[in-house]
Amino acid sequence: MEKAKTKITLSDFVDFSIKNGLSRLTKIEEIKAREEYHPGKDYWKKFRDGIVNFHKNKHSEDYLNHIVNEITAARKKNYENAINTYKNLIEKKDIQWFNPKKDDWHFSNSSIRVNPELGLVISNEPHVIKLYFKEDKSKPETILDKRKLSTIFFLMEDTLSYDENYKYSIYNVKTGKLITKNKSPVGIKKILESDILSLEHLLHND
């Protein structure tokens, strides 16, 4: 009987791939113990949905303020910072929306969901954009470093297969930086395939 596919989120795979030794086991235990996804517990869901709706429906900038007003008091400060930073990014830019592709990257018996949130033509250049929320300067493992970037960019490019006119980008919500793919490191595909095999082994062997 064929094994069921192991479905892995992009975030979990990126976190796992940058770890070594026992820290990989810790990540596996975190994945196993995690509760089923619930929208109400998704801290940044209203930001993601709001930014998509803002561009897709061509709302005025006032709509961005509306996103903050809909947030609970406990999350309001972080949302205000994120929205104000995003306003700075798009200020005085000609931006048009397109629907970004979403698909799964497959290797061995696993699949990773590659789901960029934004498709934006910025000053006549189409960008396929993944949002990154996790950076916390007090936690070095959350910093959006070169290894994380190269992993995400490779999976986006290899899975979505846009033509050369499209840019693969990551927007760091905490810093307000839009980072666009340059050149993939040599051998990144083999490294990530090896990481998938390691994840499968640790996940399914107690």
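Q: Which elements each supply at least two residues of the lining of the largest pocket?
A: Keep in mind that this is a predicted model. Both helices and strands turn up in the lining of the largest pocket: on the strand side there are β1 (6-9), β3 (103-107), β4 (110-114) and β6. On the helix side, the ones supplying at least two residues each are α1 (10-17), α2 (22-33), α3 and α7 (188-204).

Q: Which element gives the most to that lining of the largest pocket?
A: α1 is one of the elements with at least two residues in the lining. The top contribution is 5 residues, and it comes from α1.

Q: What is the volume of the largest pocket, and which residues are the closest to its centre?
A: The volume comes to about 1600 Å³. The lining has 47 residues, and the closest to the centre are Thr 9, Ser 11, Asp 12, Arg 34 and Tyr 37.

Q: Which element gives the largest share of the lining of the second largest pocket?
A: This pocket has a volume of about 230 Å³. Its lining includes Phe 54, His 55, Ile 95, Gln 96 and Trp 97, and α3 and β2 each supply at least two residues. The largest share is 3 residues, from β2.

Q: Which residue in β5 does Trp 97 stand opposite?
A: Trp 97 also lines the second largest pocket. Strand β2 (residues 95-97) runs antiparallel to β5, with 3 bridges joining them. Opposite Trp 97 stands Leu 120.

Q: Why is β5 largely enclosed by the rest of the structure?
A: Buried here means under 20% relative accessible area. Strand β5 (residues 118-122) is largely enclosed because its buried residues number 4 of the 5.

Q: Which residue in the turn between β5 and β6 has a positive phi?
A: β5 and β6 (residues 125-132) run antiparallel, joined by 5 bridges, and Val 121 has Pro 126 as its bridge partner in β6. The two strands form a hairpin with 2 residues between them. The positive phi, about 50°, belongs to Ser 123.

Q: How far apart in space are Arg 48 and Leu 131, C-alpha to C-alpha?
A: Arg 48 is in helix α3 (residues 45-56). Leaving out residues up to four places away in sequence, Arg 48 touches Tyr 37, Asp 42, Glu 117, Leu 131 and Phe 133. Arg 48 and Leu 131 are 83 residues apart in sequence, yet their C-alpha separation in space is 8.1 Å.

Terms used
Residues are numbered from 1 along each chain as its sequence is written. This is a predicted model: local features need pLDDT of at least 70, side-chain atom pairs count only at pLDDT 80 or more; totals for chains, interfaces and linings use all residues. Side-chain values use heavy atoms; hydrogens and water are left out. Contact means heavy atoms within 4.5 Å. Buried means under 20% relative accessible area, exposed over 50%, partly exposed in between (1.4 Å probe, protein chains only). Two strands pair if DSSP finds at least two bridges between them. On a 1 Å grid over the protein atoms alone, a cavity is a set of points where a 1.4 Å probe fits but cannot get out, and a pocket is an open set with protein on both sides within 12 Å along at least five of seven lines; lining residues have an atom within 4 Å of a point. Grid points are joined across faces, edges and corners, and a volume is the space filled by probe spheres set on the points.
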